[in-house]
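Please keep the model open beside this note. Each point below can be checked against the residues it names.

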Amino acid sequence: MQNGFVETLIGALVVAVAGAFFYYGWHTTGAGTVEGYEVAARFDRVDGINIGTDVKMSGIKIGSVTSQILDQKTYRALVQMNIKPEIKIPLDSSIKVASEGLLGGAYLAVSPGGSDEMMVKGSEFETTQGSIDLVGLLGQAMFSSGSSGGDKKPETPAPAPAPSTP
C-alpha cells in the first residue's frame with residue numbers, strides 16, 4: 001500500500017511541474033489573444049491565418065487575429081484583429097501575410113506608414129497583401145520553362161544577303 005501512495009504522489013508532482021512549465025511558457029511567449037483596440041483588413045488570400053494568429057511589427061507581437069470571415073459581396077477575406085492599446089499604428093500602414101520560414105507558420109506583418117493620424121477602433125488597413133501560393137508558383141515555374149533543349153536542333157544562322165551591284 002505504501003508504494004502505491006508514493007507513486008501517486010510522484011505522478012501528481014510530475015503533473016504539477018508540467019503545468020507550471022506550461023503556464024510559464026504561455027505567459028513569457030505572449031501566447032494567447034491580445035486585448036486592445038480592434039482593426040480590420042481585407043485580403044485576397046489568408047492561407048495559414050487562423051484565429052489567434054500573431055500580428056507583428058518589426059518581428060514583435062503587437063496583436064492577434066480575433067475573427068475571419070468571407071465578405072459575400074467582394075469575395076475577399078475580412079480579418080479582424082486586436083492590437084495592444086499602447087501600440088499606435090499610422091493610418092497609412094500596410095499589412096501582409098508573411099511566413100516564418102519554409103516550414104513555419106504564417107503571421108500578419110504590419111509595415112508602419114508615415115501618417116500623423118493613427119488607427120483607432122474600427123479602422124481598416126487600406127493596403128494589404130495576401131498569402132502567396134508557393135506550390136502554384138513552383139508548378140508554374142516548372143511547366144512554363146518549356147523543353148530542356150536536349151532534343152532540340154541548334155538553329156542555323158540565316159544566310160547574309162548578297163551584296164547588291166548597281
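1. Start with Ile89. This is a predicted model, and in it Ile89 is buried, with a relative accessible area of 0%. Burial here means a value under 20%, so Ile89 qualifies at 0%.

2. Where does Ile89 lie? Ile89 is in the loop between β4 and β5. Look at what surrounds this loop residue. Leaving out residues up to four places away in sequence, Ile89 touches Tyr37, Met57, Ile62, Ile83, Val110, Glu117, Met118, Met119 and Phe125. Pro112 is 23 residues from Ile89 along the chain, and the two C-alpha atoms are separated by 6.5 Å.

3. Now step back to the whole fold. The protein has two helices and seven strands. In what order do the elements run from the N terminus on? The order is α-β-β-β-β-β-β-β-α. Trace that order once on the model before reading on.

4. Two totals describe the whole protein. Of its 166 residues, 25% count as buried. Ile89 is one of the buried residues. The other total concerns contacts between residues at least 6 apart in sequence: 64% of these join residues at least 24 apart.

5. Arg45 gives such a case to look at. Arg45 sits in the loop between β1 (37–43) and β2. Its relative accessibility is 36%, so Arg45 counts as partly exposed. Setting aside residues up to four places away in sequence, Arg45 touches Val97, Gly130, Ser131 and Asp133. Gln129 is 84 residues from Arg45 along the chain, yet their C-alpha atoms are separated by 8.3 Å.

6. Next, the largest pocket. Its volume is about 290 Å³. There are 14 lining residues, and the closest to the pocket centre are Asp47, Ser99, Ser131, Ile132 and Leu134. Two elements give two or more residues to this lining: β5 (94–99) and α2 (134–143). Which element gives the most? That is β5, with three residues.

7. What kinds of residue line the largest pocket? The lining divides into seven nonpolar, five polar and two charged residues.

8. Ser99 is among the residues closest to the centre of the largest pocket, and its place is in strand β5. Is Ser99 buried, exposed or partly exposed? At 48% relative accessibility, Ser99 counts as partly exposed.

9. With residues up to four places away in sequence not counted, Ser99 touches Gly104, Gly105, Ala106 and Tyr107. Ile132 is 33 residues away along the chain, and the C-alpha atoms of Ser99 and Ile132 are separated by 9.5 Å. Ile132 is also listed among the residues closest to the pocket centre.

10. Tyr107 turns up again with a charge. Lys56 lies over the face of Tyr107, at 4.8 Å from the ring centre. Aromatic pairs are another matter. How many does the ring-pair count give? The count comes to zero.

11. Two backbone angles need a second look. Most residues other than glycine have a negative phi. Ser58 has a phi near 55°, a positive value in a residue other than glycine. Tyr75 also has a positive phi, about 55°, although Tyr75 is not a glycine.

12. Where do these two residues sit? Ser58 is in the loop between β2 (54–57) and β3 (60–70). Tyr75 is in the loop between β3 and β4 (77–83). Ser58 is exposed, with a relative accessible area of 71%. Tyr75 is exposed as well, at 58%. Exposed means over 50%, so Ser58 qualifies at 71%.

Definitions and conventions: Residues numbered from 1 in each chain as written. Predicted model: local features only at pLDDT ≥ 70, side-chain atom pairs only at ≥ 80, totals over all residues. Heavy atoms only, no water. 1 Å grid on protein atoms, 1.4 Å probe; cavity = no way out; pocket = protein on both sides within 12 Å on 5 of 7 lines; lining within 4 Å. Points joined across faces, edges and corners; volume = space filled by probe spheres on them. Helix = DSSP H or I, 4+ residues; strand = E, 2+ residues; numbered from the N terminus. Nonpolar A, V, L, I, M, F, W, Y, C, P; charged D, E, K, R; others polar. Phe/Tyr/Trp six-rings, centres within 6.5 Å; stacked < 30°, edge-to-face > 60°. Lys NZ or Arg CZ within 6 Å of the ring centre and 35° of its normal. Buried < 20%, exposed > 50% of the residue type's maximum accessible area, 1.4 Å probe, protein only. Contact = heavy atoms within 4.5 Å.
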